Amino acid sequence: MAETLTTGPGGPVSDDIRPDPTGRRYWDPRRVFTPQILIILAAVGFVSYLALVPLVYLLWGTFYDGVSLTLRFFSEAYSAHGLGEMIFNSLSFAIGSTVLSVVLGTTLAYLTVRTNVPFKGLIFAASLVPLIIPGILHTIAWIFLASPQVGLFNKPLEPLFGPGTLNVFSVWGMMFVEGLHLSPLVFLLMYAAFRSMDPSLEESALMSGARLPTVLRRVTIPLAKPALAASILIMAVRALEAFEVPALLGIPNGIWVFTSRIWRVLNQYPADYGQAGAYAVSLLALTAIGVFWQSRLSKRGKAFQTVTGKGFRPRPMDLGKLRWPATMLILGYFVIAVVMPVLILVYTSFQPFYSVPSASSLETATLDNYKYTLTNSQSLGAARNSFILGIGAATGVMFVMAIVSWLVVRTKMPGRWMIDNLSFLPLAIPGLVLGVALLFVYLRFPIPIYGTLWILFIAYFTRYMPYGMRYASTSMYQISGELEESAHTSGATWWQTFRRINLPLLMPGLVAGWIYILMVSVRELSSSILLYSPGNEVLAILIWEQWENGQFTELASLGVLMVVALVILVAIAHRLGAKVGVKD
Amino acid sequence: MLEIEELRKTFPASRGEREKRVVAVNDVAFTVEQGQLFTLLGPSGCGKTTTLRCIAGLENPDKGEITVDGRTLFSNQNGIRLRANERGLGMVFQSYAIWPHMNVFKNVAFPLEVLPWKQRLPKKEINSRVERVLSVVQLDHLADREATDLSGGQQQRLALARALVMEPPLLLLDEPLSNLDAKLREEMRFELKRLQREFDITAVYVTHDQVEALAMSNVIAVMESGNIEQIGRPREIYERPVSRFVANFIGTSNFIEGTIKERDSDGVFVVTTKTGDLRASSPVDLPVGEPVVVSVRPEHVDVAKGSTPVDSVGRWSGVVENRAFLGESVDHVVRVGELELRARCNPAMSLPPETEVTLTFPESACSLVPAGD
C-alpha cells in the first residue's frame, strides 16, 4: 500500500501529455486556441452579435436614407396627423397602468407578508396569472367582460346606468386591463422586498408609541422605497412596450400609442420602414431611460443596510376591524383578475357562436370548437412551431448563458463587465422594436432567414437572453469556486469541469430558466407579429388572426388549451425545482 | 522533492489602479524533502494560502520557479506554466469542496475518470483503487452515501481520499481542519499525521493555528506579509524564535528589552535590562552594547514564594499582580519594577495578588531576538 501511494502518477500523467520535459511555451498556439477559448469566444461573439447588430441596423436604417444621414423619417413620422395625441396617449396609458398595478400589487404584498389576512393562497395563485394567461387572451377575455355591446358586466348595470356603462375600448379601459395584468409582477417584487425587511424596525416604531398609519408612513414606506421605485420603473417600461392591449382595445376607437403606431405603418400598403424606425427609436429611447434608471437605483439600493438578503418570518400583524375590508379586497381581486377572465374564455370555448352568457346559451354548449382546434392543420402547425421555437430558444439561451455567466462570475477576464451588460441589453428593447430592428437586418443582410422560423428563433433568443443570464448567474454565484478548483487539481480539463461539475450543479437554476423561457416564448406576440410570414404562424399569432377573422369561439378553445398547457408547465417547474439537483 | 525559488505574486491594489499592486508573496523560497510535512504558518493575509495556490496552479505567480520531483511546474524564465489539471498534485480545500451532486464513491473516482484518454484506467481498476483509498481513510462502508450526508469529519476524510486517489507526488492541504470542532480537530490531526507518516506522503500544509503546526509538522515556515520569517523544526521555532513576530505568533512570550553586557560563553550572552541582568542565548554573535530583546515563554519562568534579598543574574524578585486559573495551569502576572511578566505554573502553585515572589529565568529558555522589530 505504501508503495502504491507514493509512486506518484505526476510523472506519467505529464509525460504523456507533454513528452518535452522543459514544458510548453506561453506562445504555443495549441495553448492559445484551446477548446475552452474557442467555446468562450463563440459564446461571447454570439451574445454581442445578437445584442448589438439589430440596434446598429435600426439606427443606421432610421438615420440614413441610402444617400446621406437624415432626420427625414423623423419629420415624416412626427408630422403625421394626431401625433401629439399619440404621445399623450402613450404616456397616460403607461402612467395609469403603472399606478393601478403598483397600488394593487403593493397592497396585496403587504397584506400577505405582514398581516393575518385570510386566503393568502389565492393571492399566490393570482400571481401566476401573467405566466399562464397570455396577454392577448387576457385582453380578449376583458372585451367579452366589459365591452359596451356584449360585455357581461354591463348587463347587470344596464337597468341602473343605461347601456354600455363600462367601456373597455377607452384609455381608462386600457389602463385597467394592463394594470390588472401587471399587478402580479408588482406583487412578486414587493413581496420579496417586504420579506427581506427586518420587522423589528417596525416593531420598535410601535414600541416608541407610533400608531399603525404612522408606522406605515414613517418607517415601512421609506424602507420599501427602493423596491417601490424599481417596481414603478419596470411597470412603466412594460406598459410602454405593451402591444396586445393598445392593439385590441385602442385601435378600434382610434386611440394610438407608440407600439400600435409602429405596427400600423408596417402593415399599411406600402409599408413605411423609415417611419417605423423613427417611432421605434423614440420608444427605445423612452424604455432605455427607464431600464437604465432602474438599474442605477438597484445598484444604489444594495447600499441600503436595513434591507438585507435575509428572510424574516415576522409575526403577522392583527388587522382588527380592517380584516373584513381586506378580505373583501383579496376575494374581489381574485374573482376579477383570475376567475372571471378564465370563466368567460371557458364559456366561450363551448359556444357555437359568441353570445352573452344566459340560461339559453348554456344549453347550446358544444365541443365543436375543440374538435376544430385539435384537428385543423393551422392550429396544429402553430402549436408545433411554438413548441419548436420555445424549446429551441430555451435550450440555446440557457446553454450559452451558462457559459457566459461562468465567464462573468468566475473569471477575471478583462471586459467581462461588458459582456454582462450586453447580455442584459435586450431588456431595454421592446419586443416590437426588436421586430423592426430584425426586419431591418434581415431584409438587407444576405442571410436568407426572413420568412422562416429562424428569424423568430433569433428574436426569441435575443429577447430572453437577459432572463437566461439572470437565472444562470444567480445559480453560478451560489456555487463555491472551490468546487471547480478541486476538479482542476484533480486533473479535469476546463470542459470536463464545466460538464461534470458546473452544469450538474447549475441544473436546478438552468431548468427553472428553461421552463420560464419556454413559457414566455409560447406566448410571444409583439416581436412575432412583425416577423412571421403566412405558413409559419405561432400560437399567439394564430389567436390574433382568429380574432381579426371573428372566430371568437375557436380562438377561445385554442386559448383554453394553451392555458392548460402552461399550467402543466408551471406545475412541472415547481416539481422539478424541488427534485432536480442538489439533494440536501 | 518540492523546490520553490523566488516565488512572487502580486495582486492589483484596487479597481482602476493598475500600477499599484499589493505583494501577496514576496520572493519566497523553500525546499521540502520527500516524506516531510511542511507547514506554512502565519496570520490571515500573510500569503500562505496564495503560496499554496501558486503551487497548485490555481494562481499565476509573477515570477519564480516551482519544481516537484525534478519536474518544473512553473518557471517564468523558461516560460513554463502548467495548468492545475496538468500538475497531478492532490489538494484538500478548506471547505473540502465535496461535490454535492455525486456520492462518496463518485467523488473519489472523479480524478481517475478525467484522466486523458490514453491513461484512462479500466473500470475495474478504478473501482479497486477507489475502494482501497476509501478504506485507508475508513470510509469504505459509506461508499454509496450521498456526499452531503456525511458529517464534517467524514467529509474531511473524503476530501483527503479524493486528493490521494491519484497517488500524487505532493499533497497540498489548505487549512483542512479549520472547519471542525475542537475535539474532532485534535483527532483528525493525529489521523492525518499517521496517514502521512505511514504512506510517506510529502505534504505542504497551510494553517494559522500554531498548535496544529507544532503538533504535525516536520518543518514549519512562519510567514508574515508575504515573507518567510523563519524556517525550522517545530521545536526550534518555538524555543529559538528569530524575531519578535515569530515568538509572539507561536504561543505567548515575555519580551524584555535590554543591551548586551558581555559574552558569557559560546552563544550565551549576559543582557542588562532595566529590571536586572539575565543570561540568554543567540545563534548569531552579537557585539557588546547591541540593543536586543529577550524572549522567554511564560511556562519557562520559574516562580518561587518569597522575595530574594539581592537580585542576581536571571533571578529577580517581584510581586504578583493578578492570576488566572486555566485548568491545566495557573497564569500569574508578576510585576518586576516597570515590567509585567507572565509566568505559567503548575495548578498546585496558585498565589494570591500582593504575594512577593522570586522569578528565575533559565538561560536555555531565554532567546535573543533583534530589537526594533
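Chain A is assigned two domains: domain 1 (35-70 + 363-584) and domain 2 (71-349). The bounds come from an automatic or database domain assignment. This is a predicted model: local features need pLDDT of at least 70, side-chain atom pairs count only at pLDDT 80 or more, and totals for chains, interfaces and linings use all residues. Residues are numbered from 1 along each chain as its sequence is written, chains are lettered from A and ligands numbered from 1 in the order in which they are written, and side-chain values use heavy atoms, with hydrogens and water left out.

Start with the pair in chain A. The C-alpha centres of its domain 1 and domain 2 lie 24 Å apart. Contact (heavy atoms within 4.5 Å) joins 48 residues of domain 1 to 41 residues of domain 2. Together these domains bury about 3,800 Å², with 79% of that on carbon and sulfur atoms. A:Leu432, A:Trp544 and A:Trp547 supply 15% of the area that domain 1 buries against domain 2, more than any other three residues. Buried area is the accessible area (1.4 Å probe) that two parts lose on being put together, summed over both. Between the two domains of chain A there are zero salt bridges. A salt bridge here is a side-chain nitrogen of Lys or Arg within 4 Å of a carboxyl oxygen of Asp or Glu.

Now take two helices of chain A. Helices are DSSP runs (H or I, at least four residues), numbered from the N terminus. The axes of H9 (residues 135-146) and H17 (residues 323-349) come within 9 Å and cross at roughly 80°. H9(A) is therefore roughly perpendicular to H17(A), a label for angles of 65 to 115 degrees. The axes are lines fitted to C-alpha atoms over the stretch in contact, and angles run from 0 to 180 degrees between N-to-C directions. From H9(A), A:Leu137, A:Ala141, A:Trp142, A:Phe144 and A:Leu145 meet residues of H17(A) including A:Ile336, A:Met340 and A:Pro341.

Chain B also has an assigned pair: domain 1 (2-245) and domain 2 (252-370). Their C-alpha centres lie 39 Å apart. Eight residues of domain 1 are in contact with 13 residues of domain 2. The buried area is about 870 Å², 47% of it on carbon and sulfur atoms. B:Tyr238, B:Arg240 and B:Arg244 supply 68% of the area that domain 1 buries against domain 2, more than any other three residues. One salt bridge crosses this interface. B:Glu257 forms a salt bridge with B:Arg244, and their closest N and O atoms are 3.7 Å apart.

Conventions
Angles under 35 degrees count as roughly parallel, over 145 as roughly antiparallel, 65 to 115 as roughly perpendicular and the rest as oblique.
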